[in-house]
Amino acid sequence: MGLLKYTARRLVFLAFLVIGVSLVVFVISHSVPSDPVLANLSQRNIDNQEMVDSFKAKWGLDKPMYTQYFIYVGNLVKGDMGTSIRTQRPVMDDLKKYFPATIELAIFSIIIAVFFGMLFGIISAIKRNSAIDQIIRGISVVGVSVPSFWLGLMFLLLFYVNLGIAPGPGRISPYLAPPVAVTNLYVIDALLAGDWSLAVDALQHLLLPGLVLGSFTMGLITRTTRSSLLEVMSLDFIRTARAKGLTEKMIIMRHALGNALIPVVTVIGIGFGNLLGGMVLVETIFAWPGIGQYAYKAAGNLDFPAIIGVSILISINYVVINLIVDLLYGILDPRVRYN
Amino acid sequence: MRKNYGILLALLTVVLLFAAGCGGSKDAGTKPEAADGTKQLIMALDPDYETFDPGLAYEVYALLVLHPVYDTLMQFEDNLDAPIYGIAESHELSKDGLSYTFKLRKGIKFAGGNALTSQDVKWSAERSMNLKGNGAFLADGIKSIETPDSDTVVFNLKGQDASFLTKLTYNAFGVIDSKVAMENEATNAVDANTADKAKLWFDTHSAGSGPYVIESYTPKVEVVLARNKNYWGKAPYYDKVVLKAISDPGTQLMMLEKGDIDIAFNLGPEHVKQIQDKPGIEIKKAQSMTLTFLLMNRDPKIGGPIANPDVQKAIRLVLDYQGMQTIAGEGSITPVAPFQVGFLGTLPPRDPKTAQNIEKAKELMKKAGYEKGFKTTLEVATLAVEGMDLPTLAQKIQNDLLQIGIETEIKTSDIMVALDPYRKGTQALSLWYWGPDYPDPNTQLAFLPGNPVGLRANWTADMNPELAELGKKAAVEVDKATRVKNLEEIQKMMDEDSAFDVLLQHARHYATRDNIQGTDYIDLYKIDLKDVSAK
Amino acid sequence: MDDSVLVQVQNLKMYFQTEGSFSFSKKYIKAVDDVSFNLFKGETFGLVGESGCGKSTLGRTVLGLYKPNAGKVIFEGENIFSLKNKRMKEMRKKMQLIFQDPSASLNPRKTIADILNEPFHIHQVGTKTERKAKIKDLMDRVGLSEYHLSRYPHEMSGGQKQRVGIARALALNPKLIICDEPVSALDVSIQAQVINLLEDLQKEYDLTYLFISHNLSVVHHICNRVGVMYLGKLVETGNHEDIYRNTLHPYAKALISAIPHTDPDNPKDRILLKGDVPSPANPPSGCRFHTRCPERTDLCSQAEPQLKEVFPGHFAACHLC
Amino acid sequence: MSDDLLDKDLLRISNLNVQFRTSEGVFKAVRDVSISIRSGETLGIVGESGSGKSVTALSIMNLIPNPPGEIKGDIFFNGQNLREMSLEEVRKVRGNEISMIFQEPMTSLNPIHTCGKQIMEPLLLHKGFTKHEAKARTIELLKMVGIPLPEQRFKEYPHQLSGGMRQRIMIAMALACRPKLLLADEPTTALDVTIQAQILELMKNLRNEIDSAIIMITHDLGIITEMCHSVAVMYAGQVVESSPLKELIREPLHPYTEGLLRSIPTITKEKQRLYTIDGTVPSPFNMPPGCSFQPRCKYSNAICSEQTPDLIHVSEERAVRCWRHAENIGIGNRSVLHG
Amino acid sequence: MLLRIMKNNLLFSIGIIVCALWILIAIVTVLVPSITPYSYLAQDLANRFQAPSSAHWFGTDSIGRDVFSRVLVGSRISLIAGLITIALASLMGMIYGGIAGYIGGLTDEIMMRISEMVMAFPGIILAMTIAAALGPSLHNTLLAMVIIWWPNYARVMRSMVIANKENEYVEAAKSLGASHFRIFFNEIMPNSLGPVLVLATLDFGNAILLFSGLSFLGLGSPPPTPEWGAMVADGVLNFNYWWIGTFPGLAILTMSVGTNFIGDSLRDFLDPRLRKEI
């Protein structure tokens, strides 16, 4: 009951969010000095009033703002986000095309980040204040502090150019054709198509950008796991477990870790959100055809239908991730369900 | 439960990493042949195309893709002076210079199997006109199109046009299989700009008669062209051409070095230097038709002190063209006026060593009453022109202008945003680039006072009536000798008085693996893909 | 009412909402549910009960810190809930609060001097020198030295902090002090010191105490009259002697018998209650104590007993009395 | 020390010293504590907060975190010195032969495991029970500690239970392996008066049933009076008096004990001004010279502030750490328990 | 206190030293511009793309400017950007969150939903849009960053205020008749600042990172400002001259690592849960 109610409330918020986000971009789009009409016609056509008019009519730019907004929301409800001024394609189609690439990378890097982050965090907490703890803390802080665009550059220089042990930018090697699009996640599509070598190739291409993108989240998770585990280890029920005669390993595995994971889940959620933000930079460096590059181009060109589309998508994503995190909370922490 | 998930996750990650790490070390470095023996060309470029609808596409790289897909009546081979026949066999120009009659080659079939007729030529051109896309202006001069028979097509013009044959080389006149197109909701009707729904189809399919067809298009990733089995001409060497979208020149360079790609097309002059001595790589250089110029507004309300013609002349004299050519890279030159070297009638470029005259510039500043200098804004779009970063050049200009006391603040913005004030003519001082709309000097007349680009500097015809008048004459002149004379005169006048200072005509730098050939630069197409082959 | 009454509490109800403000089904915790009693001038009225019975909420509501759902608190003839802001601020001077946790009730970022200056500052009382003298006097009264003034709360012991809390309460010369578990966080040896101090101050300043505690021994020691609370209700009130020697309500009996005694030679019989205190969000029907009452009858689960005067001045809310 | 002494005592602590190194310096939480308890006996340790009573109990279980804590001294349990055992061996004793109940039933149970699972844990660990057997025994235990509907409670999480119920779970857990010694560290302090009475009653009943020795740690002399046979009074880390209960109540020997007894208000006492012990407990970092209680003691004289008194036996069963009694008995008769 | 933490914490000491060094560099290069080996603006086209050498420690860039001098001068921009963003965002967030937390109820609910909306909004896209629309400049970029950033502080501040609101010393002030204003600013605020300050220290590095990311995308101050992110972008353009991008990148890294070391250690130090002592 509580859970359903909670989920329903989040979904209502989601609707408000979509309206709010689109409204914000709409207001920005109409308060900027630049004119998207002029920005998107060729040098010649700008002098042709007929062309300008037909362009404006096509995008509804000749109507007042609130009318445009209502038109937009009306279409949005029908699943139509309008047409990108820049790519001249429906925004929805663009998003469908670019988003899977981003999601594939994000999922991969979150897996890396969670695995190493938790591993490092646990080691660090167990060996608190030892040399290895200091080293891990150092690494995690560097992970949080390193500029991703720079790290990507360094990784490519080192592993791709100089050592030749990693593949270059892009989702797959240039000489390979992408797999038949089913999910648009290349690794999965390649496996579905039974093309093992293509799947491996796609995985290899995920490695460097995944590491770069995941470094921040990994640092965050390491840090949180460490402090959360330390905190839990100082709680009374750990003393109870010790008094029962459990070994330290049993205490950590059975009693501490489960409790320590709870705040880590939040951080994973935050990290996932951050990934989508950090995408812009990493995708630029690794020529990754994802939503980040799309958003970057859209923003630079004041392609407002696309900007609204991306913003809504990422906002929804944020809410959905938060919802998942909250639901996970309920699974990890039995107290939540009843409060 | 939880524990099991953890172990599963760990195992999965380890396996993934292992697979990735091992495979990586084995595969990187060489481009393996496709298993089935198909020959494949891979070119990396920083594309600007957004659509492959021949009626709408107007981007710089659109013709790279569309030229080998859609045949045109006229085309260029290597020399931009004179177009040669494409699918036209011959043509006649009426005495009044207003009517072109073309005979089509016989027996040409579209990739889909339909025969190509004069109807298709007419339909395609009309569709372009009515779609009112960015390239539609090329057809502005056309009054009507007639098709007396299936292999004859007649273009009736509104007025004489010396560059009409050149204009026909554009994709706007690319011949589409009208039957296939109409099946996919295309139309050539007057209301095509709203009624035509074929754009999305054209993005990922093609209906042309060229040597290649569009096999697939993944925006921001790649375009794959496949051999057209019905092609009427000599079959191209490669079965497949893959155009990889890789925006970063450094990345292109890396991939070329690794052998992952055959052509790295967007290299800056500096990248080229890096790989000069690397084995397996061939460096290509060519004169590009792209200009970089400084716009100086003539309207005192906008330009302030900049609007003063003496100040503008002083700026032309104080700039260090030699330094700029260093930045733009080897092969770049500085034309006297906005007419590219390589076009009919263009004067020899400036000698960068002697072009700079700071003393005289200072005198002119004094004469204009700005001996102490002034402050202004230098607007520039953030992009690279032929591998040269425009903001970098802006910093060089900023530095040079300080010598006559002009302090500039650089204002950068994205190209699409910067275009707005540029077109409205509200920029005082700005750095811009220009590529010809079609390979004919007439396209450059836009820079003259009263003409579209001239007006962006608020340089109206009454400010230099003589020059404006000469420009009007040059536009319609068809006699070659008179054209040359007129054009030369215009350039000389613009050297004396102009709202523009042409800084650079760029060189195009790119590189290929040294085992391929036929990759010479043609400004219109960049590279004619059908001509590329292995050595 | 005669002049001897300082405060009349009439039918006070204080409910707290448990669900968020957007919720449709609002749930309430009935922390104080229809409570009436009087406080006489100069007396110490003890309010006892287990945690969650609403005694602290009652104390704070009497002080006007909460806005009750119903009822009145008449202080010297005025209902404090109908007072305007300015008048209420004046009224604040007359009643003060001493807290259970001496470390939580002192702002950790202020020195003792700052803390004691605050009442004067808020009410704009006295000049700087007057305030200084008054603070010095207060410190003296509660047994602290002048050098403590520059300290921060965390630099002092629990007992000293509680003395500061008492000094602050005394600053504005109140008539009523509500002592909310003032000694339960203190060690035994310190507890006695503070109890003695409170007793001394009462005599000296003619104070009335509302003394809230779960410790029946302490209440026995310090109070003239006692009220026993259970689940938001007052179940028995009366003189100290009435309550301890002639207990009426079964709950009060159990409570008193549960006190660990210090006489090893006379172990006494104990009334052990079954189960736990029900949730105040969902109290039992009828008599709220009937679920645990060893003497319950059928009537108890149906009708709610009213507080009635069984003996003169000795009230109880039980069907059996 | 004679053999029969060892035989009689289930647990004998001698010369226990525990100190903590903190950033503010070293503080001695427990100083020269010697306590012994026989099977079936209930010993009360009473003292104010910071007197070292909890630390003493935790030291028996070797639950003092090290660092910062350091334990010195001997703890004989069943004739074996726990201090000389390896950590592994100590673990086999913990929760098995010695178990412990903590003050806060709220925080001493792991919130993410069911009550049943937590009670079963020592059975599986120490007794080698199968899960099935352990469950049967757990239900039995739950019944024993008076929990209604034990099968249902078995599956519930701690937060679903009231404080009193949780403390019963703790007791069931502590008794699971039928320990020889039960340490109860303020088991009722966090509970309400009526619930406290229930729990004390339960413990009294169980004591008769299971025949373990109990060490009851509390600050409440009332609880000691109800539960214990003998008492050790602690002040500032030292045992200042140890005695059978009745004699202590009747005739306290140490001034601190006397003050403690007299300063507690009771409902049996006449209303009169309370006796007070002046001053406060000294800071563990800044102990007064000589007797720790000397600054607050009304009997103190010159020697008290110069020399620390030893814990001396005034009779077979009574010992006190005070110069008054040392002098009364005379130097010659002093039987020093240690040192 | 500082020295005491430093003594026991290697990472903290490193952080303090690194940050102090950068602040020193920033101040000295402002006060004595001639201290850099070259002017950060001086172009020397004859000596462009020089590899690191004794003449140019970090080499030269595409128009022959000394990378070392530019990295040194660039420190002031990153520091100022971090400082202003954090200061404004925390101030705004503190007031907003403080009000929401103190008033509570429906107001709180609505205010928090709004801040959540801002948080859900993809920050970097908002920043890019603002920068593209208003034109890239330092203050537009900072404006965008503040707009993205404040909800974090609002959330922390709100939870602190809600927690502190329940404190007995607040009730004590209320019972003395203190006004809401006084209670809020005198009792609640000072005690809620700690976590916000820790967050601010931790965030400082993040702000520098975001700022450099935006300037990497060309959304910072216009050239020739020696912004580190823009310099890395320059390095990407001139890929094979590794020094152009590597050194400014290292500068961002060290500054960000330094502040993170400090923030991390401060949080550990100030978090009583991690300093539990018996």
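Chain C and chain D bury about 3,600 Å² between them, and carbon and sulfur atoms account for 56% of that area. Keep in mind as you look around that this is a predicted model.

**Where chains C and D meet**
- On the chain C side, the residues that lose the most area to chain D are C:Val188, C:His221 and C:Thr262.
- Together, these three make up 17% of what the chain C side buries.
- The contact draws on 43 residues from chain C and 41 residues from chain D.

**Fold and overall form of chain C**
- You will find ten helices and twelve strands in chain C.
- Chain C is as compact as a globular protein of its length, because its radius of gyration of 21 Å is close to the 20 Å that the globule rule gives for 321 residues.
- Taken along the principal axes, the box filled by the C-alpha atoms of chain C is roughly 65 × 55 × 45 Å.
- If you take the contacts in chain C between residues at least 6 apart in sequence, 63% of them join residues at least 24 apart.

**Inside and surface of chain C**
- Buried residues make up 56% of the 321 in chain C.
- The accessible surface of chain C is about 13,400 Å², with 48% of it belonging to carbon and sulfur atoms.

**Charges on chain C**
- Chain C carries 41 positive and 36 negative side chains.
- The centres of these two sets of charges lie 8 Å apart.

Methods: Residues numbered from 1 in each chain as written. Chains lettered and ligands numbered in written order. Predicted model: local features only at pLDDT ≥ 70, side-chain atom pairs only at ≥ 80, totals over all residues. Heavy atoms only, no water. Helix = DSSP H or I, 4+ residues; strand = E, 2+ residues; numbered from the N terminus. Rg over C-alpha atoms; globule rule 2.2 N^0.38 Å. Buried < 20%, exposed > 50% of the residue type's maximum accessible area, 1.4 Å probe, protein only. Contact = heavy atoms within 4.5 Å. Areas by Shrake-Rupley, 256 points an atom, 1.4 Å probe, with all protein chains shown as cover. Lys, Arg positive; Asp, Glu negative; His and termini not counted. Charge placed at Lys NZ, Arg CZ, Asp CG, Glu CD. Buried area = accessible area lost by both parts, 1.4 Å probe.
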